[in-house]
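I opened my notebook for a first look at this one. Come along and keep the view beside you as you read.

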Amino acid sequence: MTQNMLASHLDEAAAIIRGRLGSFRPRVALVLGSGLNPLAEEIEGPIRIPYADVPHMKTSTAEGHVGRFVAGALSGVRVIAMQGRLHGYEGYSAVEVAFPVWLMRRLGATTLVTTNAAGGIDESLSPGDFCVMSDHINLTGRNPIANADAAGMAERFFSMTGAYDPVLRAVALDVAARAGIAAREGVYLGLLGPSFETPAEIRAFRALGADTVAMSVCEEVIAARHSGMRVLGISLVSNMAAGIEGASPTGAEVMDVAKTRESQFSTLIRGILGSGAFADGEGPRA
Ligand code: HPA
């Protein structure tokens with residue numbers, strides 16, 4: 001991509017979406033992970049915009065990822081949800097994966113809430129638990145800011161300390177505890193995929209300090225922090241990671257477990273949005 005091409009692509013994409021949103025200005029960007037897409041059906045007054053209608057935007061090819069933005073109200077908060085995300089394993093570059101995050105920021109969102117299904121590495125986790133990301137280890141080997149254009153949008157070198165907002169993490173754990181939903185914090189490790197890990201890799205990742213593992217999130221969060229958004233990351237532990245208790249994960253298992261947690265996921269996200277942490281007037285934190 002040549003200099004400034006990314007910024008002009010974002011401008012063109014934002015103009016098309018603004019034409020569909022009218023005066024609606026989202027505050028929270030929500031990325032719905034594997035099996036967690038149904039939450040978008042609960043958005044009130046939905047404005048649905050297929051990714052295919054947005055210039056320069058790639059579309060979802062992963063199973064269960066619908067491939068559209070849904071804007072509207074959830075728990076009284078103006079959200080724009082990605083009903084289906086873009087992954088590196090679909091053949092998309094880090095910039096292409098980050099594009100919708102930058103786009104939602106341009107549309108007005110000051111917080112990113114990103115969710116996924118993940119494998120549990122820490123043995124105190126069980127399938128069906130939620131894990132609030134306290135930090136991440138990016139082993140995708142990619143970074144969306146490693147690009148002349150992205151560096152032109154904000155400082156090239158920026159801190160990833162405290163990337164996962166401590167206040168939002170506490171709110172998420174509190175909402176889960178009150179609703180009787182099993183949740184704890186943990187360090188998330190992101191990979192490119194799409195092969196699941198080997199048991200030897202999982203042993204190595206545990207030694208590195210990872211509690212959960214999956215094939216998304218890191219590039220989105222780096223892009224969000226680069227553009228000054230607050231971030232909350234939540235994984236649904238859909239399976240134990242390879243070799244843990246003899247596990248050998250499959251895509252079907254991930255989807256099946258996500259299905260059983262649809263209503264808990266809805267309670268959790270609605271509770272977080274309804275907590276007052278997103279009251280109008282609150283600006284983005286750098
Ligand atoms: N590994 C990687 N990605 C995943 C897993 C896993 O065990 N479960 C869900 N996404």
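This is a predicted model: local features need pLDDT of at least 70, side-chain atom pairs count only at pLDDT 80 or more; totals for chains, interfaces and linings use all residues.

Which residues are around the ligand? I listed Ala117, Ala118, Gly119, Phe196, Glu197, Val213, Ala214, Met215, Ser238, Asn239, Pro249 and Val254, counting a residue as near if one of its heavy atoms lies within 4 Å of the molecule.

Residues are numbered from 1 along each chain as its sequence is written, and side-chain values use heavy atoms, with hydrogens and water left out.

**Entry 3, make-up of the shell.** I sorted the shell by class and found eight nonpolar, three polar and one charged residues. Here Ala, Val, Leu, Ile, Met, Phe, Trp, Tyr, Cys and Pro count as nonpolar, Asp, Glu, Lys and Arg as charged, and the others, Gly among them, as polar. Strands E5 (111–120), E8 (212–214) and E9 (230–240) each give at least two residues to this shell, and E5 has the largest share, with three.

I looked for pairs of N or O atoms within 3.5 Å. In the side chain of Asn239, an N or O atom is 2.7 Å from a nitrogen atom of the ligand. For Glu197, a polar side-chain atom lies 2.8 Å from a ligand nitrogen. Ala117 uses a polar backbone atom, 3.3 Å from a nitrogen atom of the ligand. On its own the ligand has 260 Å² of accessible area, and the protein covers 95% of that (Shrake-Rupley method, 1.4 Å probe).

I counted eight helices and nine strands, which are DSSP runs of at least four residues for helices (H or I) and at least two for strands (E), numbered from the N terminus. The radius of gyration is 18 Å, close to the 19 Å that the globule rule gives for 286 residues, so the protein is as compact as a globular protein of that length. That radius is taken over C-alpha atoms, and the rule is 2.2 Å times the number of residues to the power 0.38.

Most residues other than glycine have a negative phi, and most peptide bonds are trans. I found a cis peptide bond from Gly193 to Pro194, with omega near 0°. Pro194 is in the loop between strand E7 (183–190) and helix H5 (199–208). I also noted His56, whose phi is positive, near 70°; His56 lies in the loop between strands E2 (44–50) and E3 (68–74).

How values were computed. A polar contact is a pair of N or O atoms within 3.5 Å; within protein, one must be able to donate a hydrogen and the other to accept it, and residues adjacent in sequence count only if both atoms are side-chain atoms.
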